[in-house]
Amino acid sequence: MYYTPGIWFYIAATISLMLMGLGLYSRVHIWRQGKNPGPKRLQLARLPRALLRQVFVQPGLRELSILRWTIHMAIFVGFAGLFVQTSFLFLIDDFLSADSALVSFFYHGAGQALLDIWGDLFGLLLLTGLVAALARRLFGSDPRIEGSEQDIPTLLLLLLISLSGFMLEGLRINLDPGRGSGFSYIGLISAHTLAPLAGALFYKLILWLHIALSLFFIAYLPFSKLLHILTAPLLAAFEEASKP
Amino acid sequence: MTEQKKKSLDISRLGSRGLMALDACMHCGECKVWCPVVAEDPREQLTPRSKAKALTRIIDDQYGILGDQGPVAGLLGPKVKDKLRAILRYSPPSASEIETFKESLFECSTCGQCAVVCPAGIDTVELWETSRRAMVDAGLGPLDNHQHLVTSILKDDNPWQQPRSGRSKWARKAKRAKEIQAAPTEIKSPGQVPVLYFVGCTASYDANIREVAVNTVNILNAAGVEFGILGNKERCCASIMRRIGMSMFEEYAIQNIEAFNELGIQTLVTSCAGCFKTISSDYPRLGKLNFEVLHITQLITRLIDQGKLVPKIPQDIEVTYHDPCHLGRATRVYDAPRQVLESLPGVRLIEMERTGEYARCCGAGGGLKAGFADVQHKLSNTRVTDAEATGATDFVTACPFCYQSLKEGIVRQESRLRMREITELVVQSIKS
């Protein structure tokens, strides 16, 4: 079997979430300073549908450019899929006993294939979107692209999280060959590539790199342009649900 | 920290949605490629995204985690804050950054093109106007070039530095020149007429634009509309006050609303897109209007539909139509002017490449013309070039202020285009 991070992960995660909470609280504090109701009236009944549309369809960007929309959707869907998987695994790992039916299904039964395919699919989507977004910024001549000091480091951060995730999957396959991994195609490629490096220490190093980057991302989110992940669809939904 | 920096910005006017909008901006740059000002003055600081970023920085300095009015202001002592600032290498916005933001905020016609293309749906016009108000309230605006407009409105109720007593001179002159059959009725008592024609300052005072008022009167007379004007009692709608962030706008608006409501009218019609936007969209936020507000093109289409106005004299011209920002993007009146043009015999409409909600601004509005005349000239020149590309003979608009600016652009560009105001074409089609 391979190393699991234990208590240190929970301490780090708590700090990260607290920083995120503080950041979000500071943004909400600013929003709450606004006392002018503005010219538009929000129709609450229309908000849920508008929110779903803005989150999952992102019509504003789609109308402007199919290429940029595709890149953005690849990043969003890939990220969301991996987030759902990670959250799900966290829940069944920490809140269910090891011999429960659900844990058995996903760790020893047919559910393993589902997790493998899910992880590969969404990971690949995220990776493709990030590479395309980086390429557009590094090699494109679109005047919209900002000479921002934030954009490329942020994309690189996400790329590193994504790549280290695939590396972990490969290293896990190497360290635990008994675990079925027939459906983790990218994981198998990663396992094959990393075979010479496979070892408990290297795995531990990459795992902590992945954790550190992911937790940094969570803590950094409200203090950066990444905040638009939450605010842009919310605002667009407000605007959509306020149209006469 | 300079004296300017110390001034506190009251962000309450931006509203929660406006403040959230600053955090929703993803700096995608779509606004940059569409902004008509950036097209002529391509400095990044003028892009809506840069303005959003600069404003966020100013607000964060005051209301953010380490700000004096921040969420943990009471918990962290000044020494702790200074330590944290040093650790985070935080530098507050400098006086020059604030000055740059101020100039960028005002070097904008508030045309609303950025709002149309923003994928996050940010209502940038509301954001810029409320930000201007916050800046002005903090003593950081308006621009020196705007002061004469404010002084003139306060002194004479018009931005053109003309005496109040001369407001209805256009009607007397038109009567003498037999351009109109009779001077329009000046409303003296409530319920006297069902329709008020709100002439607006530009058509009232600019000798080259007064035709708009004359044509409107002739159209209303031809259709048998019972209407009146306020004559010298008409006051500026104060649109420019709102655009440049002056608090006096509210006083003007409230007084005008009371005056209009007391007239007992059913309809207020105006031939100025700026007055129309202000009265129909900005006034209702300050008081209830007991009447409908129409732009002259909306009333003309209604009169044509009712058979009260019959355009029949052919003109044989090809026209292209410029959507005024205040009539188009601001109030979404795109169809009425086109319906009017299509109803005129012998008038063929050719659309420009950028039209409707993507119409390029002529730069006349939002205080840009007064603040940055050279930039505004470039904007109207470019719009004239857009019109020339259609091959049309006549360039039509439905706003006296756009008309004035585009006409100047035609002269500067030595264009063969004839500048026309939509009411002029209607009169040409109905006069006997």
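Across all chains, the structure holds 49 salt bridges. One of them links A:Lys40 to B:Asp123, with the closest N and O atoms 2.8 Å apart. A:Lys40 sits in the loop between H1 and helix H2 (47-56) of chain A, and B:Asp123 in the loop between helix H8 (113-117) and helix H9 (124-137) of chain B, so this pair joins two chains. Please keep in mind as you read that this is a predicted model.

**How chains A and B meet**

- Let's start with the extent of the contact: chain A contributes 36 residues and chain B contributes 39 residues.
- The size of an interface is often given as the accessible area lost when the parts come together.
- Here, the two chains bury about 3,300 Å² between them, and 59% of that is on carbon and sulfur atoms.
- On the chain A side, A:Trp31, A:Arg144 and A:Leu235 lose the most area to chain B, and together they make up 19% of what that side buries.

**Polar and charged links across the interface**

- The rule finds six salt bridges across the interface of chain A and chain B.
- In one salt bridge, the side chains of A:Arg27 and B:Asp23 meet at 3.0 Å, N to O.
- On the side of chain A that touches chain B, the elements giving two or more residues are helix H1 (7-31), helix H3 (59-64) and helix H10 (228-240) of chain A.
- H10(A) gives the most to that side of chain A, with eight residues.
- Sorted by class, the side of chain A that touches chain B has 17 nonpolar, 10 polar and nine charged residues.

**Chain A as a whole**

- Chain A has 10 helices and zero strands.
- Reading along the sequence of chain A gives the pattern α-α-α-α-α-α-α-α-α-α.
- The C-alpha trace of chain A spans about 65 × 45 × 30 Å along its principal axes.

**The five-stranded sheet of chain B**

- Strands of a sheet pair through backbone hydrogen bonds, either parallel or antiparallel.
- Chain B has an open sheet of five strands in the order S1-S3-S2-S4-S5, and the pairing is parallel.
- At the edges are strand S1 (185-186) and strand S5 (292-295) of chain B, each of which pairs on one side only.
- S1(B) and strand S3 (residues 227-229) of chain B run parallel and are joined by two bridges.
- Within this pair of strands, B:Thr185 stands opposite B:Gly228 in S3(B).
- Helix H16 (residues 273-282) of chain B packs on the sheet and touches strand S2 (195-198), strand S4 (267-270) and S5 of chain B. The direction of H16 makes about 160° with that of S5(B).
- Helix H17 (residues 296-305) of chain B also packs on the sheet, where it touches S4 and S5 of chain B. For H17, the angle with the direction of S5(B) is about 90°.

**The four-stranded sheet of chain B**

- Chain B also has an open sheet of four strands, ordered S7-S6-S8-S9, with parallel pairing.
- The edge strands here are strand S7 (347-349) and strand S9 (418-421) of chain B, each pairing on one side only.
- From one strand to the next, the twist of this sheet averages 35°.
- Strand S6 (residues 317-322) and strand S8 (residues 394-397) of chain B run parallel, and four bridges join them.
- B:Val319 has B:Asp394 in S8(B) as its bridge partner.
- Helix H22 (residues 422-430) of chain B packs on this sheet and touches S6, S8 and S9 of chain B. The direction of H22 makes about 80° with that of S9(B).

**Backbone details to look at**

- B:Gly141 and B:Pro142 are joined by a cis peptide bond, with omega about 0°.
- B:Pro142 is placed in the loop between H9 and helix H10 (147-156) of chain B.
- A:Gln58 has phi near 50°, a positive value in a residue other than glycine.
- In chain A, the loop between H2 and H3 is where A:Gln58 lies.

How values were computed:
Residues are numbered from 1 along each chain as its sequence is written. Chains are lettered from A and ligands numbered from 1 in the order in which they are written. This is a predicted model: local features need pLDDT of at least 70, side-chain atom pairs count only at pLDDT 80 or more; totals for chains, interfaces and linings use all residues. Side-chain values use heavy atoms; hydrogens and water are left out. Contact means heavy atoms within 4.5 Å. Buried area is the accessible area (1.4 Å probe) that two parts lose on being put together, summed over both. A salt bridge is a side-chain nitrogen of Lys or Arg within 4 Å of a carboxyl oxygen of Asp or Glu. Ala, Val, Leu, Ile, Met, Phe, Trp, Tyr, Cys and Pro count as nonpolar, Asp, Glu, Lys and Arg as charged, and the others, Gly among them, as polar. Two strands pair if DSSP finds at least two bridges between them. Axes are lines fitted to C-alpha atoms, for helices over the stretch in contact, and angles run from 0 to 180 degrees between N-to-C directions.
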